[in-house]
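Student: Could you take me through one part of this model closely, the place where the two chains come together? I would like the cut-offs along with the geometry, please.

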Amino acid sequence: MSGHDHSPAHGHGGHHVHVVSLKMYFTVIALLFALTFLTVWTASMDLGAYNTIVALLIAITKATLVVLIFMHVLWSKKIVWIMVGSSVVWFAILVAFTMQDYLSRNLG
Amino acid sequence: MSTSAHAAPVAAPHHGAHGDSGHGHAHHPGLAHHFDDLEQQKDSAVYGMWAFLVQEVMFFGGLFIAYIVYRNLYPDAFAHASNLLNVPLGATNTAILLASSLTMALAVRGGATGSKPTQLIMLVLTIVFGLAFLVVKYFEYAEKFEHHLVPGPTFMSDPAHVSPFFQAHPEEIPHAKIFFFLYFAMTGVHAAHMIVGAGLMAWIFLRAKKGEFVPEHHDALEMSGLYWHFVDIVWIFLFPMIYLLGYHFGGHH
């Protein structure tokens, strides 16, 4: 993993302290601002159904950057990845099960 | 007599486990006695915090699914109602919140490097950005009250602030009311989280000031940071979903 290093400060029993580089944090914040401009700019255009898709893709990208870098998940143990992933899966189930009802009501 | 004679040898090693004498290495003052070491303690904090945040996803998820269902049912009303919101204020708050997430990350980094000045400065900036967000929110809400865009008996009763779409389609006004209900519920619950977060940061600031957060042990600072970033992520979705739906129609106000 480039962009971070272990600080010289170690606790007992091999306890490592992650120090993410400033360069990485500033890169992430620059990307977050750029993506915010992108989402406003694309929303100003009439892209039909693609407006929603573009807006969601940008928002998911921004959220992923925050989760992985600012929230340190990139350097966290697998169980944290599983917990983060579970929230996405459960929300997807909520949306999928609800919308399969609403979206299929006018079919037959 | 015999009971106290029993008690003494039991009590002695028990005390020894807490104190610094005896077992070779001194315990870190930040290590609670029910954990083996600082790493196990930190892992427990991280898992606990993420369990809470996953629960928060489900909490906000209920509002998001309500939004998805009603937007799907009334797409035109939602897009035109969204166009009555103040996009510049919403965008300003997005920028403020992103900046606060950077200062939050830098405050936690100050914990990892053991820099107390960094912790204090970045925590103050995070609180200032958080309060600035709430001030903008206040003006935004006040504008909605003045324009009669708050769900209630006088909703959209002021023709000056009802867009041509709703004047031409008054039957869509109840659907716009649902949009504005969701707008207030979602941004309101988010703002409530911001207020909690600002209070949390004030408490963490006082602890940082005491010099509590050192590289090997700054769990409270780091977990508070996770909360702050989570609230930022909620806004990352709220901004395009609520403010930008009808932005391609051109600004109304």
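This is a predicted model: local features need pLDDT of at least 70, side-chain atom pairs count only at pLDDT 80 or more; totals for chains, interfaces and linings use all residues.

Tutor: Let's start with a charged pair: the side chains of B:Glu39 and A:Lys77 form a salt bridge, at 3.7 Å from N to O. The term stands for a side-chain nitrogen of Lys or Arg within 4 Å of a carboxyl oxygen of Asp or Glu. A:Lys77 also meets B:Asp43 in a salt bridge, with 2.5 Å from N to O. This pair crosses between chains, running from the loop between H2 and helix H3 (78–104) of chain A, where A:Lys77 sits, to helix H2 (residues 38–73) of chain B, which holds B:Asp43. Helices here are DSSP runs (H or I, at least four residues; strands are E, at least two), numbered from the N terminus.

Side-chain values use heavy atoms, with hydrogens and water left out, residues are numbered from 1 along each chain as its sequence is written, and chains are lettered from A and ligands numbered from 1 in the order in which they are written.

Now the interface as a whole. In it, 49 residues of chain B are in contact (heavy atoms within 4.5 Å) with 53 residues of chain A. The buried area, meaning the accessible area (1.4 Å probe) that two parts lose on being put together, summed over both, is about 4,300 Å² between chain B and chain A, and carbon and sulfur atoms give 79% of that. On the chain B side, B:Trp50, B:Arg109 and B:His248 lose the most area to chain A, together 14% of what that side buries.

The axes of helix H2 (residues 50–70) of chain A and helix H8 (residues 219–243) of chain B come within 9 Å and cross at roughly 170°. Axes are lines fitted to C-alpha atoms, for helices over the stretch in contact, and angles run from 0 to 180 degrees between N-to-C directions.
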